[in-house]
Amino acid sequence: MAALLRHRSGVLTRNLGRLLAALVLVAAAIAVASAAFLDAVLVDVNGAITTASDVAIARALSLFGLKPSDASIRIDDVHRVVDARLVAEEAMRLQITPAPEDVDEAWRAAADRLGGMNALRQWLDQAGLDEAWVRTLVEADVRRRRFTEVRFHAFVFVSEDELTETIGPGSHSLDAREKALSALREAGIARELAAWLTEARARATIRYANIGPAGVPLPFSMPAGVAPAGRLPSSRDHS
């Protein structure tokens, strides 16, 4: 996301001024004709641009809490990617780096969600996406999750009173207690992350493009078989 469309081949970039609501015209030569598409700049976070392509990739590969959808990109989608960028930036600042094997595993998992590595690479080729760039987005998602583990998981505790209030008094099976405990911990982590993100957004310089009610069309098609139409969950549901 940090570089404008560097995952696109044949991209011509222009001076985007203040980087607000700008569009980059991409020309791609195809045989005897040429095709043009527009990739919208959606937001600038601390000087780093996120485009419609970035959001579409995140959707297709289920990154940053987004889910596959062929619907137009809405502001909630952009909010979620902004939050992911803020977390990834903080992780880099704190030198929280995912292990290479974790990134490899996440890359394979992303491919599996599309039907395997061949299916992933076929889609990348059809969409004109650079594999190395798309992989950096997968790595950013791993870094985001690693930050949450390091920053919040070890510091969220559930008291016995909280557990009793959830499952009720009396004896309960170990499995019931563990499920309730896990749910309470995840809820606590989500609250802590939401509070941290509120502060991070306030500190950051974030400039949004004007995304109207109709949203922004996807710059390329979703992979076959993984794009149910319809609106996505709210970006404030940090899963």
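The expected span of a helix is 1.5 Å times one less than its number of residues. Helices (H or I, at least four residues) and strands (E, at least two) are DSSP runs, numbered from the N terminus. The model is predicted: local features need pLDDT of at least 70, side-chain atom pairs count only at pLDDT 80 or more, and totals for chains, interfaces and linings use all residues. Residues are numbered from 1 along each chain as its sequence is written, and side-chain values use heavy atoms, with hydrogens and water left out.

**Exercise 1.** Determine how the reach of H2 compares with the expected value, and how many of its residues are buried.

*Solution.*
Step 1. H2 has 19 residues, and 27 Å lie between its first C-alpha and its last. This is close to the 27 Å expected at 1.5 Å a residue.
Step 2. Buried means under 20% relative accessible area, exposed over 50%, and partly exposed in between (1.4 Å probe, protein chains only). By this rule 14 of the 19 residues of H2 are buried, and the helix is mostly covered.

**Exercise 2.** Describe how H2 and H7 are arranged, and identify the residues that make the contact.

*Solution.*
Step 1. Axes are lines fitted to C-alpha atoms, for helices over the stretch in contact, and angles run from 0 to 180 degrees between N-to-C directions. The two axes come within 10 Å and cross at roughly 90°.
Step 2. Angles of 65 to 115 degrees count as roughly perpendicular (under 35 is roughly parallel, over 145 roughly antiparallel, the rest oblique). H2 and H7 are therefore roughly perpendicular to each other.
Step 3. Contact means heavy atoms within 4.5 Å. H2 contributes Asp-83, Leu-86, Val-87 and Glu-90, while H7 contributes Leu-193, Trp-196, Leu-197, Ala-200 and Arg-201.
Step 4. Ala-200, located in helix H7, is buried, with a relative accessible area of 7%. Its C-alpha atom is separated by 8.5 Å from that of Val-87, 113 residues apart along the chain.

**Exercise 3.** Classify the aromatic pairs that involve Phe-147.

*Solution.*
Step 1. Rings of Phe, Tyr and Trp (its six-membered ring) pair if their centres lie within 6.5 Å; planes under 30 degrees apart count as stacked, over 60 as edge-to-face and the rest as tilted. The whole structure holds three aromatic pairs.
Step 2. The ring centres of Phe-147 and Phe-152 are 6.0 Å apart and the planes stand at 85°, so this pair is edge-to-face.
Step 3. Phe-147 and Trp-196 form a tilted pair, with 5.2 Å centre to centre and 55° between the planes. This pair links distant parts of the chain, as Phe-147 lies in helix H5 and Trp-196 in helix H7, 49 residues apart.
Step 4. Phe-147 and Phe-152 are both buried, and Trp-196 is buried as well. Ring pairs join Phe-147, Phe-152 and Trp-196 into a cluster.

**Exercise 4.** Locate Asn-46 and Gln-95, and state the phi and exposure of each.

*Solution.*
Step 1. Most residues other than glycine have a negative phi.
Step 2. Asn-46 has a positive phi, near 55°. Asn-46 sits in the loop between E2 and strand E3 (48-51) and is partly exposed, with a relative accessible area of 40%.
Step 3. Gln-95 also has a positive phi, of about 60°. Gln-95 belongs to the loop between H2 and H3, just after H2, and is exposed, with a relative accessible area of 69%.
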